[in-house]
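Here is a walk through a structure that may be new to you. Have a look at it first, and then we'll go through it piece by piece.

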Amino acid sequence: MTALALRLRRSRHLPVVAAAACTLGLLLVGSLYSRNFLSADYLLLQLQIASFLGLIATGAMLVILLGGIDLSVPWLVTVGGVMSAAAAGWWGSAGEWLAIPFGILCGGLFGVVNGIGVAYLRVPSMIFTLGINAVAQGLIVVQTGGFAPQDRATPAMHLLATGRSLLGIPNPLLVWIVVGGCALFLLHRTTLGRAIYGVGNSERAAYLSGVDTRRVTLLCFAIAGACSAAAGVLLTGYSTKAYQAMGDAYQLPAIAAVVLGGTHILGGRGSYVGTVVGVILITLLQSILSVMQIPEMGRQVIYGAVIIAMLLMYGRGRRHSQ
Amino acid sequence: MDPVLELVDVSKRYGGVRALDRAQFACAPGRIHALLGENGAGKSTLIKIMAGVVQPDEGRIVLDGTDRRFVHPQHAVAAGIACIFQELSLMPHLSVADNICITNPPTRLGLIDRRAQRRLAEAALARAGAQDIHPLAPVDSLSLSRRQMVEIAKALSRQPKILILDEATSALTAADVQRVYGLLKRLRDEGLAIVYISHRMNEIAELADECSVFRNGRHVATFAAGSQSDAQTVEMMIGRDIAHAFPPKPPARTAAETAPPALDVRGLSWRGRLHDIRLAVRPGEIVGLGGLDGQGQREFFLALFGVLRGVTGEVRQGGEPVSAGSPRQAKRRGLGIALVPEDRKTDGLMLPMSVRDNLSFAALERLSRAGVVIASAEAEATAAMVRRLSIKAPELGDPVATLSGGNQQKVVIAKWLMNAPRIVLLSDPTRGIDVGTKQEIYVLLRRLAEEGAAVLLYSTDYAELIGCCDRVAVFFDGRIVRWLAGAELTEHALVASALNLTAETLH
Amino acid sequence: MRGDWRFRLREQRACWTAAALFVLIFALYIAKHQTGWTVPVLTTAANKGVLLAIVAMAQTLPVLTSGIDLSVGMVFVLANCLASHLVVGTPLQAAAGVLVVLAAGALCGWINGAIIVYGRLQPIITTLATGAVYFGLALGLRPVPGGDVHAGLADALTGALPGGVPAMLAVLLAVVLMVWVPYRRSAVGRAALAIGSAEAAAYMSGVNIGRTRLVTYTLAGLLASIGGLLLTFVTYSGEASAAIGGVYTLNSIAAVVIGGTSLAGGAGSAIGSVFGALVLRTIGDLLFVFDLEPLWQPLFQGLILLAAVSLGALRLLKVDNRLDLFK
């Protein structure tokens, strides 16, 4: 292999570069199918759709960086949507804007419970978040009386999800930019960010270096819960109603986006820029598959195959003999 | 005698680092051959090549006169080469018998024959002199010393012709060390070729028939054991003359000069494992913890550092009572305790992270404002530390895993020095480290003490305790049984106190 | 031989706990049930429980190697859809269909293993992606629910044997004896535990890591497809439902944990997972039988699941060296 290729393969930035290259590739493939693909309108729409996934992936990335995983995304998204709509129902016009932070807070509370279970009770994150997912489902069923949620989203929520308040940029994208910017800053410039990477690499060594690893873990899960709920609030605003199973379609893509963006699934390594590229990549992939009107079967197969193919390119582990 | 295993012109590179450069080695049956050299000299790489764990880039391996290639550790084992590494190759959840017979177990109808396996395991344990270990016991229920004995039994069960040991006695209790010495001599007399890596000169003197010295990946010399003095040997290893192994100690203070203790521990106890520890360290003093492994020394450090729950007793600093409920509290400015743990790879460093990130990790509060890290302050502080400790790291952005063992340990120490700690606890800091770096660490410790810190050093190396420490507290069964200082501080006294033998029973 | 039984008991302690838990809960269920201990009640319970039990067994194998298989539910569904096409017609055709379904499951497992071993990708993301592929294939086979299955075979397996024993239990026992026990007692099975316990040490000791993982994931796929096949006999049709696949995957993980196997690998037993699965199934029925309002049942099921997996936290109260919390 040439020296350049060798250096690229070992570089930390390879995943992000490779993901970006694949994104461009997808755009080209799409443009072959329909000229619209490269239009500004279409791209902006894609970014708007990507924002929902982007919010969830932000929280998911923090948890994965710690070396854990959050499988409570489906129902925490629903919690955000249902509870914000419910709050709108309870507080009427007074709660028009308050419904939004309320929904996010509910998700954050579940996230805190996740954090307590994982950090303080030392239950593996995979199984605890699974349990929380089931409990959240149970609570939503009770809350909605078993029917489809009847409450409607507030006009404020709708505005946040569909409006373009600043320079013609879709509002969800603005939300993602703000949240993403905070995440980027958090991870790369703050002591908390360093602590997250440290805990993901070795919780023992981080603890012995004086980091309160349990609090760091709790914070990350709380943020992840809030992010999932925030996406749920936006989704409800988008379709003006919450619905059961609104979060199901986001669990796998969120994890895939984080991993395709170069974050190591076992934690300790990864950059937020990579996650952003991963989210856009997944969104484009899903859009292309639906534009090409490939039946659901083909979509699933191609989806899974593309993820594997990309990971084989740049996500491989090392041989034992090294 | 004809060599049974020869390595000819063997070279190996890891990226830009040349681990071995046309190295030569030969060992003969019925001889114990010691391998000496600093960390980074290539010894580990050499035996990994012999054991089939890594492949040489160039060169030949000649076994019994024929050229061989070992692509996988199993090939080397099948060829009669058994290797016992520093990192144990045991699976903790499995039983002793399962571990010993992990590959090629006796089978019946495709399933493992448990009874035959148990017999094999018992035979191997007996050969290693560890008959008291129950073959069905899960390995994680055994102490580190017992596990090392199981490792030896496992290597012997393969009926090797060549046995390689890499720092095999570093984790053993004194009794087991004697057993292993006897075992190795027996095996040598039976005709095995034994290759032995150790940093302990007294071990080499006890066991070796011949010695080979490596430096910077090259073979320097091979000579019969005893034909060179220790000083000459060390000079071959580090390529320069070392004047003194240990920095000079300050004169013992008189009672009038004594300053208030930097650390004053009274009646510290913990859950039946530590009993009524009483210890006072003056600023500028290096106090050693001696005694056999596992007598509570590590637990004492953990208790001071806030890791243990249910610790009773009083700890005072500069006269004021203090307490630490966690390492986070222990390291804060008011208290200023630092702990350098004995296992740097799992407890001291985050290996995939960069050297710079590791260096600044414990001192981030000082290098940040309102939670935001100040990059310039961090770069300055880490560069200063690298200079102060002479850490050999070409790029501070490289993962710390690429550094040699000695430099990694320096990073761990430097990480804590960035906090300007007032109490420095070091748990076996020079284990597995080359002579040159050891010296640097000794000088550093003395300088720290002179600057006013209280230094506590736990070491299993008697020479180190005697050479570095002003006073030594010998632990036995969770208690301090003897204090040794000045002229009393001899190896004899250390050994005797470690075994809890009083002066009366000695004569 | 003194002290031997002590070690063997400790080894299987978690298994016995899960079994005891199951017996307790099932006894409660039968006691409260209107009809009680009768063949139809037992058969219905067995038919539902064995399905999850076999998928839980499938999940146990990769978990022992400190991996995970998030595609077991989808292989389960794929096998179900495939069987609804092939396990029909003459007994010979049906038998051939069974073999094809099992082979397909093993192939799916083998693909998982190959990507993990040769591609050197992490199991969690690999099986997440292949799960999507297998589900897509299932959708292709059965875009809408339908199909059929050999009635004679289905009736026999979902009914009761002479003596009142549900036939499904006999199938479960057969699977345990023919797949799990030989695997566990062979060198490959032990190698799998070795990998889960300390992979680097296993490599140094000469364990063939690649081959062991391949066999493990292949068997997991095979077991999942056995479950899917049995599902076809219970429902007499094939349905490509992502919800069912997802539920079975996630419940299989819960069953493994409740059965006493650590997700970190190295120790555990598929028999424990079987009891864990039966516990999960029975809890759902228990809530129903205690006349708990249907509205509250999902919440209680979730809470009980959470409590069951958090039980291990009790031992934390005894920890006096905090370093032991972090491994």
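Let's begin where two parts of chain B meet: 11 residues of domain 1 of chain B are in contact with 9 residues of domain 2 of chain B. Here, two residues count as in contact if their C-beta atoms, placed from the backbone, lie within 7 Å. The largest share of domain 1's side, 3 residues, comes from helix H8 (residues 230–238) of chain B. By class, the domain 1 side that touches domain 2 divides into 4 nonpolar, 5 polar and 2 charged residues. For these classes, Ala, Val, Leu, Ile, Met, Phe, Trp, Tyr, Cys and Pro count as nonpolar, Asp, Glu, Lys and Arg as charged, and the others, Gly among them, as polar.

As for the bounds, domain 1 of chain B covers 5–238, while domain 2 is made of 255–336 + 421–506; such bounds come from an automatic or database domain assignment. The C-alpha centres of the two domains lie 34 Å apart.

## Before going on

This is a predicted model, so to speak of a local feature takes a pLDDT of at least 70, and side-chain atom pairs count only at pLDDT 80 or more, while totals for chains, interfaces and linings use all residues. Residues are numbered from 1 along each chain as its sequence is written, and chains are lettered from A and ligands numbered from 1 in the order in which they are written.

Along its principal axes, the C-alpha trace of chain A spans about 65 × 55 × 40 Å. Buried residues make up 59% of the 322 residues in chain A. A residue is buried if 20 or more other C-beta atoms lie within 10 Å of its own, exposed if 12 or fewer, and partly exposed in between, with C-beta atoms placed from the backbone. Of the contacts in chain A with a separation of 6 or more, 77% are between residues 24 or more positions apart.

## What chain A touches

On one side, 43 residues of chain C are in contact with 44 residues of chain A. Helix H6 (123–141), helix H12 (242–258) and helix H14 (297–310) of chain C each give two or more residues to chain C's side, and H6(C) gives the most, with 13 residues. That side of chain C has 32 nonpolar, 10 polar and 1 charged residues.

Chain A also meets chain B: 20 residues of chain A are in contact with 22 residues of chain B. The elements giving two or more residues to chain A's side are helix H9 (191–201) and helix H10 (203–208) of chain A, and H9(A) has the largest share, 6 residues. The residues on chain A's side divide into 6 nonpolar, 9 polar and 5 charged.

## Strands in chain B

Now for an enclosed strand. All 5 of the 5 residues of strand E10 (residues 193–197) of chain B are buried, so E10(B) is largely enclosed by the rest of the structure. B:Ala193, B:Val195 and B:Ile197 point one way, and B:Ile194 and B:Tyr196 the other way. In a regular strand the side chains alternate between the two faces of the sheet. Strand E3 (residues 32–36) of chain B pairs with E10(B) in the parallel sense over 4 bridges; strands pair if DSSP finds at least two bridges between them. Strand E9 (residues 162–166) of chain B also runs parallel to E10(B), joined by 5 bridges. B:Ile197 is the bridge partner of B:Leu35 and of B:Asp166.

Elsewhere, strand E13 (residues 263–270) and strand E14 (residues 274–281) of chain B run antiparallel, joined by 5 bridges. They form a hairpin with 3 residues between them, and B:Arg271 in the turn has a positive phi of about 40 degrees.
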